[in-house]
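Hello,

Here is the structure I promised to pass on. Please open it alongside this note; my findings follow below.

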Amino acid sequence: MTTDRRPPREELFGYYYLGITPAGTYKFPNAHHVAATYGVSADAVLRWLEEYGLAPNDVSYRMVELSRLSVDLQFDLGNLTLEGIRARVAEALEEFDEAGGGRHPCKDGPIT
């Protein structure tokens, strides 16, 4: 399963981490759902995330509440146009990019 349809960084972030599909609806996300949308394997989706600096292992240590961003956006979906939804995803990605990193136990070692 391969395709040249690698989505833009914002679109992939919005779908994989916030559950916002390219059509602007909410769907509980996982690598397999995202892969099916783009006609690729889940491994391809994970590779894209890595290439965009959005690998799940690294994202989990960012000091940003992805669940808050997702829920806030879900509540507003009915009041937003597709352009508005995309703008909110872009804002969420910007907040994510600006967030500092937290402690990474695998890289930083144990707390002493």
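**Core, helix contact and salt bridges**

L66 touches F13, Y17, L18 and V59, leaving aside residues up to four places away in sequence. Keep in mind that this is a predicted model.

L66 also belongs to the largest nonpolar core, which has 31 residues. Within that core, F13, Y17, L18, V45, L54 and L66 touch the most other members. Helix 1, helix 2 (31–38), helix 3, helix 5 (66–76) and helix 6 (82–98) each supply at least two residues. Helix 1 gives the most, with six. In soluble globular proteins, nonpolar side chains tend to be buried together.

Next, the contact of helix 1 with helix 3. Helix 1 covers residues 9–18 and helix 3 covers residues 42–51. Their axes come within 11 Å and cross at roughly 120 degrees. The crossing is left-handed. Helix 1 brings L12, Y16 and Y17 to the contact, and helix 3 brings V45, L46, W48 and L49. By class, that makes seven nonpolar residues, no polar ones and no charged ones.

Now look at S70, in helix 5. Is S70 buried or exposed? Its relative accessibility is 8%, so S70 counts as buried; the cut-off for buried is under 20%. S70 touches L18 and Y26, again leaving aside residues up to four places away in sequence.

On to the charged pairs. A search of the whole structure finds six salt bridges.

- R5 with E11: the side chains meet at 3.4 Å, N to O. R5 is partly exposed, with a relative accessible area of 39%.
- E95 with R68: the side chains meet at 2.5 Å, N to O. E95 lies in helix 6 and R68 in helix 5, so this pair ties together parts that are 27 residues apart in sequence. Both count as partly exposed, E95 at 31% relative accessibility and R68 at 33%.
- D76 with R88: the closest N and O atoms are 2.7 Å apart. This pair links distant parts of the chain, with D76 in helix 5 and R88 in helix 6, twelve residues apart. D76 is partly exposed, with a relative accessible area of 28%. R88 is partly exposed too, at 23%.

One more point on R68 and E95. Together with D72, they are linked in a network of salt bridges.

Best wishes

Terms used
Residues are numbered from 1 along each chain as its sequence is written. This is a predicted model: local features need pLDDT of at least 70, side-chain atom pairs count only at pLDDT 80 or more; totals for chains, interfaces and linings use all residues. Side-chain values use heavy atoms; hydrogens and water are left out. Axes are lines fitted to C-alpha atoms, for helices over the stretch in contact, and angles run from 0 to 180 degrees between N-to-C directions. Helices (H or I, at least four residues) and strands (E, at least two) are DSSP runs, numbered from the N terminus. A crossing is left-handed if the near helix is turned anticlockwise from the far one by less than a right angle, and right-handed if clockwise. Contact means heavy atoms within 4.5 Å. Ala, Val, Leu, Ile, Met, Phe, Trp, Tyr, Cys and Pro count as nonpolar, Asp, Glu, Lys and Arg as charged, and the others, Gly among them, as polar. A nonpolar core is a set of buried Ala, Val, Leu, Ile, Met, Phe, Trp, Tyr and Cys residues joined through side-chain atoms within 4.5 Å. Buried means under 20% relative accessible area, exposed over 50%, partly exposed in between (1.4 Å probe, protein chains only). A salt bridge is a side-chain nitrogen of Lys or Arg within 4 Å of a carboxyl oxygen of Asp or Glu.
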